[in-house]
Amino acid sequence: MGKKIAIVANTTWNIFNFRLNVIAELVARGHQVVVIAPVDEFMEYKERFPSVEHVALRVLDRDGKNPFRDFILIEELRRKYKNLNLDLVLHYTHKPNIYGAIAAHLNSIPSIAVITGLGYAFIHNGWVNRITKSLYKLTSKYHNKFIFENTDDLQLFIDNKIIASEKGVSVKGCGVDTKYFQPSSNGVYSDKLVFTFIGRLLYDKGIIEFIEAAKAILSKYISVEFWVIGEFDEGNPSTINKDEFVKWVNQGTIVYHGFVRDVRPFIKKSNCIVLPSVREGMPRIVLEGMAMGKPIITTRTAGCRETVEEGVNGFLVDVNDAEELTQTIEKFIALSGEEKANMGINGRKKAETIFNDNIIATQLCDIIEQELPNS
């Protein structure tokens, strides 16, 4: 008999972009799914899942640091969990993971935390880092299980004594829809090689290293372009300086395509997807590029390193190393057309066999069902 399971996140955007495969699998297994998240324009997911109840979160402030507001969030979640009569809560993102754990505990409801990436709070040392780790350590006992999107983040939580090793498990991200992201031939856009960065415009995503590499390459090669697709994340302390960014666009260092909801046309016209990130859960844009048969250049860091087999479907570089990134882009430029194409083919195979969203959803739902009452 199906159970009533809530999925909680800090935005409906998060649900729309990353959790639909889990919702589909839970519904297919006969469970009743409730989504609890702040309302935004991505509520359109309901068209695909009319049976899913959406409950609005009113006081969750993703980037807020007001403890009184967070206490109100705990009470809002506690009340909603109680009224919904839930069998289990699946939490995503830091604030639901921390404060949702308390709310679930107060209602004696089993809870799971999914760590999709550690973000600014863990990447940078300081009081936010210390408080976030302390809050996770304090509330971890209220979660039945922690699910991580890479092995490095799992090990970090164990090493910091936030969780016991038996309480954590890792899967390969949230998966990629390999039917939606289909391969297309490389180099069909023009006679220029296109290197594309897609992501939020954050220092932590490696945008500065991408720009520095672009400058160096453009000083030596004519038939190359560097594309940037993404938006400014105003609430994130790692957001890049807008004046600097405009200067790079005006100088022709990059071609900026803004924020787009459908990245496929831009991936299709790219020869290589580049993400020099400091740290990721599991970089979704890298998986999307792989699914579309594009070679990848990314970093030897948590999450990213699990996507690329060196020289097989792309290359890995050190974090914050614009010089190595430049050298690696040059190495890619020197490859033959056949070598570039084979990298894309190998990446597609990895996307289909390891990172496919159906495979990941099955793994996640198996873990969820193990924690259900009377399972």
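**Labels and their grounds**

Tutor: This is a predicted model. Its largest nonpolar core holds 52 residues, and F195, F210, F226, I297 and I329 touch the most other members. Helix α8 (residues 207-218) gives the most to this core, with 6 residues. A second, separate core of 31 residues includes A6, V8, V59 and L73.

Student: What makes a set of residues a nonpolar core?
Tutor: Two conditions. The members are buried residues of listed types, Phe and Ile among them, and they are joined through side-chain atoms within 4.5 Å.

Student: Which residues is I329 in contact with, leaving aside its neighbours within four places in sequence?
Tutor: F195, A213, I217, F226 and I297. Contact here means heavy atoms within 4.5 Å.

Student: Why is F197 called buried?
Tutor: Set the value against the cut-off. Buried means under 20% relative accessible area. F197 has 0% relative accessibility, so F197 counts as buried. This residue lies in strand β8 (residues 193-198).

Student: Which residues does F197 touch, not counting those up to four places away in sequence?
Tutor: K205, G206, I207, F210, W227, V228, I229, V274, L275 and P276.

Student: How far apart are F197 and F226 in sequence and in space?
Tutor: They are 29 residues apart in sequence and 7.8 Å apart in space, C-alpha to C-alpha.

Student: Is N85 buried or exposed, and how do you know?
Tutor: The relative accessible area of N85 is 62%. Exposed means over 50%. So N85 is exposed.

Student: What about the phi of T93?
Tutor: T93 is not a glycine either, and its phi is positive, about 75 degrees. T93 lies in the loop between β4 and α4 (94-106).

Student: Is T93 buried or exposed, and why?
Tutor: T93 has 12% relative accessibility, so T93 counts as buried. The cut-off is under 20%.

Student: Which residues of helix α2 (residues 20-28) are buried?
Tutor: L20, N21, V22, I23 and L26.

Student: What covers the buried residues of α2?
Tutor: The cover includes β1 (4-8), α1 (12-18), β2 (32-37), β4 (88-92) and α14 (357-370). Just after α2, G30 takes a positive phi of about 90 degrees.

Student: Now the whole protein chain. How many helices and strands are there?
Tutor: The protein chain has 14 helices and 13 strands.

Student: What makes the protein chain as compact as a globular protein of that length?
Tutor: Compare two values. The radius of gyration is 21 Å, and the globule rule gives 21 Å for 375 residues. The C-alpha atoms fill a box of roughly 65 × 40 × 40 Å, taken along the principal axes.

Student: How much of the protein chain counts as buried?
Tutor: Of its 375 residues, 54%. The chain exposes about 16000 Å², and carbon and sulfur atoms supply 50% of that area.

Student: What share of contacts between residues at least 6 apart in sequence join residues at least 24 apart?
Tutor: In the protein chain, 69%.

Student: And how many positive and negative side chains are there?
Tutor: There are 45 positive and 46 negative side chains, and the centres of the two sets lie 4 Å apart.

How values were computed: Residues numbered from 1 in each chain as written. Predicted model: local features only at pLDDT ≥ 70, side-chain atom pairs only at ≥ 80, totals over all residues. Heavy atoms only, no water. Buried < 20%, exposed > 50% of the residue type's maximum accessible area, 1.4 Å probe, protein only. Helix = DSSP H or I, 4+ residues; strand = E, 2+ residues; numbered from the N terminus. Rg over C-alpha atoms; globule rule 2.2 N^0.38 Å. Areas by Shrake-Rupley, 256 points an atom, 1.4 Å probe, with all protein chains shown as cover. Lys, Arg positive; Asp, Glu negative; His and termini not counted. Charge placed at Lys NZ, Arg CZ, Asp CG, Glu CD.
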